[in-house]
Amino acid sequence: MARTYLSTDDPIVALATPPGTGALAIIRCSGRDAIERCAKCFSRPSALRAASGYQMVHGFVLDPETKDRIDEVMAAVYRAPHSFTGEDSVELSCHGSPAIAMRIEEALQKAGFVPALRGEFTFRAFLHGKADLVQAEAIDELVRSPADSAREAALARLGGELSARFASIRNEMLDILAECEAMLDYPEDEGVEQSSIWAARLRALQGELATLADTYRAGRLREEGALVVVAGRPNAGKSSLFNSLVREERAIVSPEPGTTRDWLESWLEIEGYAVRLVDTAGLRQGKSEMEEEGVRRARELVERADVVVYLVDGVEGLNEEDGIFLAHEPGAIRVWNKIDKPDCKLVPEAWLGVSAKKAVNLGVLRNEIVSRLQAQSGLDRAYGKTSKVPQSKLPRTRPMGTEAHESQLLGPGTRHAGTEAEVLIASKRQKDLVDACLRSVAEAIAGIEAGFPLDAISVSLHEAADALGQITGEIGGEEVFERIFGSFCLGK
Ligand SMILES: Nc1nc2c(ncn2[C@@H]2O[C@H](COP(=O)(O)OP(=O)(O)OP(=O)(O)O)[C@@H](O)[C@H]2O)c(=O)[nH]1
Ligand SMILES: [Mg+2]
């Protein structure tokens, strides 16, 4: 029968470091008789058996049947409940060759360990009360964090801040539910006054939940990175800007309009945000089917973008097409390129003058991208993708600026994304459950206001409390565990 997360009687083993060659590799074992089983594969079994928790023991891993030496290792011993999983565990640090790691895993399997499922170590930590589901998810988010801000937010979740928020909302919900059910038993006490107090308390919870739901976008930006798309007419200098921002000659640049046919992407980190920067084909009526397709893809990317950088050739100036684009995308950052050229027209108000080729003012542009992302992360709700451009926020630049201007423009107050460890929802699972809870709370409030009988209201309150319980794992089944832990890294 296939193993499941609930096969908790099985002692498990997995390679916890990436497969491949490295200085060291770590093989992790946990579960019933883990130390005794490891001792069967160890050159100094009694030293391992006698080790106290958190002690390292030097020795050789042996094949338990042939007694062949496999590698010289350090074995870290953890004794329940003081281990990551809450069970007896051993971590073997061996030399980092895939062949060694494989032989050691085989030896341990001969001693009774079975290969762990994805995330099974973390599942056991959850099972033994070391982490709730939100914290368990945070462990995986931490392992995968693409940028520093994601790491920081995941660490805050691991510390239990988000779990504590959910727990306090759920407790209040359960209190209201208990009062409501008590009243069900004594219907003669039912009063309009009491109902309006519940409605007010539920509205307060609704506000808190809505605020948490809003943080999902910010969480997603940190987890998955932000999509920043460079768009503009042909020859505006998009590929030149892309190359300068990624500091690499990735995209082909040429004086011929229509050079970039398909989009091109590169990842970079800007002030703690993981940014997927995309260069696109110049927006114009395509001269060929291929160019048409490029333009269609460019428009699609603009639609999906978290931030659009709209570039105009400052020598040519604005035309009607630019006006149409900006009317559709008023939130785009307006960038006036080629300010190094003597015939570049004066940078209009609310545009940022840059030279993509000479890398002038690109720091200011990076900063502007960061403020847009911060705005969307809920750090500053003054503007977002669909709102009007905060034109006053764009720094004024003179044509022919130099990088030296940047430090003056940025000033000492420049904010750094990701330095605030706000409580954010990162997983779609958490967001869906918060939304489900919000729907049930809205139903309960509507029911109270419409004077529905208490038992109907208590059904909605039960559903709301259940959704919250599923977030942290008070309520959950195997299917939920499979979904959560099944996407973890092996050995985690
Ligand atoms: N002097 C100057 N020339 C620039 C600047 N940016 C781009 N160019 C030149 O403008 C021409 C077009 O640049 P690209 O970066 O290929 O423009 P693009 O917007 O990607 O063009 P398409 O891919 O055709 O849509 C090239 O000859 C570049 O060298 C700039 O800041 N200053
Ligand atoms: Mg190009």
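Colleague: Which residues do ring pairs link into a cluster?
Modeller: This is a predicted model in which local features need pLDDT of at least 70 and side-chain atom pairs count only at pLDDT 80 or more, while totals for chains, interfaces and linings use all residues. Residues are numbered from 1 along each chain as its sequence is written, chains are lettered from A and ligands numbered from 1 in the order in which they are written, and side-chain values use heavy atoms, with hydrogens and water left out. Rings of Phe, Tyr and Trp (its six-membered ring) pair if their centres lie within 6.5 Å, with planes under 30 degrees apart counted as stacked, over 60 as edge-to-face and the rest as tilted. The cluster that such pairs link is made of Tyr5, Phe123, Phe126, Phe481, Phe485 and Phe488.

Colleague: How many residues apart in sequence are the parts that Tyr54 and Tyr78 tie together?
Modeller: By the ring rule there are 11 aromatic pairs, and one of them is the edge-to-face pair of Tyr54 and Tyr78, with 6.0 Å between the centres and 85° between the planes. Tyr54 belongs to the loop between helix H2 (45–50) and strand S3 (55–62), whereas Tyr78 belongs to strand S4 (residues 69–78); helices (H or I, at least four residues) and strands (E, at least two) are DSSP runs, numbered from the N terminus. The pair therefore ties together parts whose separation in sequence, in residues, is 24.

Colleague: Is Tyr54 buried or exposed?
Modeller: Buried means under 20% relative accessible area, exposed over 50% and partly exposed in between, for a 1.4 Å probe and protein chains only. Tyr54 has a relative accessible area of 62%, so the word for Tyr54 is exposed.

Colleague: What is the relative accessible area of Phe325?
Modeller: Tyr310 and Phe325 form a stacked aromatic pair, at 4.2 Å centre to centre and with 15° between the planes. This pair links distant parts of the chain, since Tyr310 is in strand S10 (residues 307–313) and Phe325 in helix H11 (residues 320–328), 15 residues apart. Tyr310 is buried at a relative accessible area of 1%, and Phe325 is also buried, with a value of 10%.

Colleague: Which strands stand at the edges, each with a single partner strand?
Modeller: The open sheet has six strands in the order S3-S4-S5-S2-S1-S6, with mixed pairing, where two strands pair if DSSP finds at least two bridges between them. S3 and S4 run antiparallel and are joined by eight bridges. One side of each edge strand is left without a neighbour in the sheet, because each has a single partner, and these strands are S3 and S6.
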